[in-house]
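Please look through the structure below before reading the numbered points, which take up a few places in turn.

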Amino acid sequence: MKKSNLFKKVAALGMALMLVIGATATAAVPGADASVNNIAPSDSVQNIAIVQMSNNLQKGSLCKLTCYGSTAVQLGYHSAVTVELQEYNGGWHTIKTWSATGNSFAGISETYYGNSNYSYRLRLTHTAYDSNWNYVESYVKFSRTV
């Protein structure tokens, strides 16, 4: 089998696996809102390459914030996700930013210790690029507020 065919098959299998895991993880996470996490057929946007956008924000003891965001795209495209942790202190302010890119999937899972006196949310930018890394589309989504 040629290397390119093997790579395509492994990439397709990896993407399918990540989509299944992402959908399962989103459904299993308390407080995750599927209407915020995934593109719904009723969305008025035209999705060219992005097939899934996921996010989750949880607040634990000592105000440990677990921040998650991912973007999955169709085979042949590249994906990117930027996760901005925002704190509400008289207005929403970005206090931490993480970014990731990938062939068909980009994901971020980070923790941050916040202040229990403030509210937090994630501002996520999900982006797709073609095979030459030329911009195709992007969407901004917000997580739930904790």
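Is Arg123 buried, exposed or partly exposed?

1. Arg123 counts as partly exposed, because its relative accessibility is 25% (buried means under 20% relative accessible area, exposed over 50%, partly exposed in between, with a 1.4 Å probe and protein chains only). This is a predicted model, in which local features need pLDDT of at least 70 and side-chain atom pairs count only at pLDDT 80 or more, while totals for chains, interfaces and linings use all residues. Residues are numbered from 1 along each chain as its sequence is written, and side-chain values use heavy atoms, with hydrogens and water left out.

2. The whole structure holds one salt bridge (a side-chain nitrogen of Lys or Arg within 4 Å of a carboxyl oxygen of Asp or Glu). Arg123 forms this bridge with Glu84, and their closest N and O atoms are 3.0 Å apart. The pair links distant parts of the chain, since Arg123 is in strand E6 and Glu84 in strand E3 (residues 78–88), 39 residues apart; strands are DSSP runs of at least two residues, numbered from the N terminus. Glu84 is buried, with a relative accessible area of 15%.

3. Most residues other than glycine have a negative phi. Cys63, however, has a phi near 60 degrees, and lies in the loop between strand E1 (50–59) and strand E2 (64–73), where Cys63 is buried at 5% relative accessible area. Trp133 also has a positive phi, of about 65 degrees, and is placed in the loop between strand E6 (119–129) and strand E7 (135–142), but Trp133 is partly exposed, at 41% relative accessibility.

4. The protein chain averages a pLDDT of 79, with 68% of the residues scoring at least 70; pLDDT is the predictor's confidence in each residue, from 0 to 100. Over residues 3–44 the pLDDT is below 50. Where pLDDT is low, the predicted coordinates should not be read in detail.

How values were computed
Contact means heavy atoms within 4.5 Å. Helices (H or I, at least four residues) and strands (E, at least two) are DSSP runs, numbered from the N terminus.
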